[in-house]
Amino acid sequence: AAAMAALLGPAARFRWRVRAVPGGARGATGLRGGRQCYDLLVIGGGSGGLACAKEAAQLGKKVAVVDYVEPSPRGTRWGLGGTCVNVGCIPKKLMHQAALLGGMIHDASHYGWKVAQPPHDWGKMAEAVQNHVKSLNWGHRVQLQDRKVKYFNFKASFVNPHMVCGVSKGGEETLLSADHIVIATGGRPRYPTHIEGALEYGITSDDIFWLKESPGKTLVVGASYVALECAGFLTGLGLDTTVMIRSVPLRAFDQQMASLVTEHMAVHGTRILRGCTPLRVERLSDGRLQVTWVDLASDKKDTGTFDTVLWAVAHCVSWSFFPSTPRTGNENQGRAV
């Protein structure tokens, strides 16, 4: 009660987003889906939300999960499971594995294997990764069904502290009420919208794993672990990859280790632009992207042409961190990786 009073009080930091519904909160007049009641309602079908829902159901509670993925600006969307399953840990590690296999093929000749280095087929890899992710989406739905947890694929907004109104893709509205509501919505990457062309021409980690064609020559803007992980597997897959760092890499991490990571990446073929920030992105007549940036130390401007610009400047969801950069043949043999 005290916590609820704090949330609803005039000095509270958070406010319930109240949504007017036909017939008021108690009546479901005009709502085709009617009203359904639960002991626990979880908003968000990621790792935390699914774990919470399944555990509560095992304890005998009547539970429902509401999950909805707002398409990225590029139109990318995915299924149940959250960031880790769809656009994080799982596809990232699979693409790192693809890059590592390429490094092993290169190293094989030093162990007596006469193996030609074949070109990498991004489309084939992407199809396999995406099919695996979709199988996990289905698996999560089956697990919820087995535990008698009701799954709703719609966007929810609060009507009052114990009720939400969900709207399906077709516009049908459903009222759900619960004694307890858990918000487990996670976060999404952010675009630097103050940079001209960032939103129109760039992508984020929400998109990179669902591309059906190779991103080609790529500029990764940012120095977070998401940025370095993506740059690592792109380099390992043989793509011309540049990382643009405004200040320091991996700001929240030990800086001695962060330096080792970026030095390792540079040795293996990733170009590192330090102390630079992009000013604008423009599409050229041939479809490629021209990026203009400024060196913050000298105030000198420069430009470069890329096929893809990947923004990794801010992300609210934590991935398991392992910035492994696969070997590409540019390193000295025998060097520890």
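How many helices and strands does the protein have? The protein has nine helices and 13 strands, where helices (H or I, at least four residues) and strands (E, at least two) are DSSP runs numbered from the N terminus. This is a predicted model, in which local features need pLDDT of at least 70 and side-chain atom pairs count only at pLDDT 80 or more, while totals for chains, interfaces and linings use all residues. Residues are numbered from 1 along each chain as its sequence is written, and side-chain values use heavy atoms, with hydrogens and water left out.

**Overall burial and contacts**

- Of the 337 residues of the protein, 45% count as buried; buried means under 20% relative accessible area, exposed over 50%, and partly exposed in between (1.4 Å probe, protein chains only).
- Among contacts (heavy atoms within 4.5 Å) between residues at least 6 apart in sequence, 64% join residues at least 24 apart.

**Helix H8**

- Helix H8 covers residues 225-236, and its end C-alpha atoms are 16 Å apart, in agreement with the 16 Å that its twelve residues should span at 1.5 Å a residue; the expected span is 1.5 Å times one less than the number of residues.
- Twelve of the twelve residues of H8 are buried, so this helix is largely enclosed by the rest of the structure.
- The buried residues of H8 include Tyr225, Glu229, Phe233 and Thr235.
- Gly238 follows H8 and has a positive phi, near 90°.

**Packing of H4 and H5**

- Two packed helices are described by the angle and the distance between their axes.
- The axes of helix H4 (residues 89-108) and helix H5 (residues 122-146) come within 10 Å and cross at roughly 145°; axes are lines fitted to C-alpha atoms, for helices over the stretch in contact, and angles run from 0 to 180 degrees between N-to-C directions.
- On the H4 side, the contact is made by Ile90, Pro91, Leu94, Met95 and Ala98, and on the H5 side by Trp122, Met125, Val129, His132, Val133 and Leu136.

**Leu199**

- Leu199 lies in helix H6 (residues 198-201) and counts as partly exposed at 40% relative accessibility.
- Not counting residues up to four places away in sequence, Leu199 touches Pro73 and Tyr191.
- Leu199 and Pro73 are 126 residues apart in sequence, and their C-alpha atoms are 7.3 Å apart in space.

**Cysteines**

- The structure holds zero disulfides, a disulfide being a pair of cysteine sulfur atoms within 2.5 Å.
- Cys230 is buried, with a relative accessible area of 0%, whereas Cys52 counts as partly exposed at 28% relative accessibility.
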